[in-house]
Amino acid sequence: MSIRHGLLALLNGGPRYGYQLRTEFEASTGATWPLNIGQVYTTLARLERDGLVTPNGADEQGRALYAITDAGRAELERWFATPVAQSDRPRDELAIKIAMAVAGADVDVGAVIHNQRMATMRALQDLTRAKRAATGVAQRLVVDGLIFKAEAEQRWLDHCEAVARTSKEKNV
């Protein structure tokens, strides 16, 4: 997720200070993407530099508030209107690892797949607990998405194992 756009989305609801943005970001995502407070302030500085947010005074405790600008709203609208392309997502390290295990010599592909399957199953269990603890729709949707991805990963690992086994049998 773009932290930049996440902060703009929160600021679209009204002025906020850095720690408040961090707390609301984590609450909205079910704390699946924790933010370092330094990351929040660095992003706010860049958003200000780019004219997407502006300082908006201070609250009663003296904390600096930020507000979204018209340019920030336009950027946020563009972000929401633009689908996330597969090419915009980071490389899939697991796919690369399995490909390298299959292509490499002296690698127990079955063990690599088994280890990943066990880790993914533990993650699914953790996500299921997180889903039960979710307090809002935004949190639930984020956790549901992570569960669906983990379930798909399990199916893909089954497929990798079957293909690797068939390939090995043909080479024997």
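1. The face of helix H5 turned away from its buried side carries the exposed residues Glu93, Met100 and Ala103, where exposed means over 50% relative accessible area, buried under 20%, and partly exposed in between (1.4 Å probe, protein chains only). The buried residues of H5, which spans residues 93–103, are Leu94, Ile98 and Ala101. Seen down the axis of H5, these fall within an arc of 60°, so they line one face of the helix; the arc is that of the directions from the helix axis to the C-beta atoms.

2. This is a predicted model, in which local features need pLDDT of at least 70 and side-chain atom pairs count only at pLDDT 80 or more, while totals for chains, interfaces and linings use all residues. Residues are numbered from 1 along each chain as its sequence is written, and side-chain values use heavy atoms, with hydrogens and water left out.

3. In helix H2 (residues 18–28), the residues Gly18, Leu21, Phe25 and Glu26 are buried. They cover an arc of only 125° around the axis, which puts them on the same side of H2. The buried residues of H2 pack against helix H1 (3–11), H3 and strand S2 (64–68), and just after H2, Gly30 takes a positive phi of about 65°. Helices (H or I, at least four residues) and strands (E, at least two) are DSSP runs, numbered from the N terminus.

4. Glu75, placed in helix H4 (residues 70–81), is buried, with a relative accessible area of 17%. Leaving aside residues up to four places away in sequence, Glu75 touches His5, Leu8 and Leu52, contact meaning heavy atoms within 4.5 Å.
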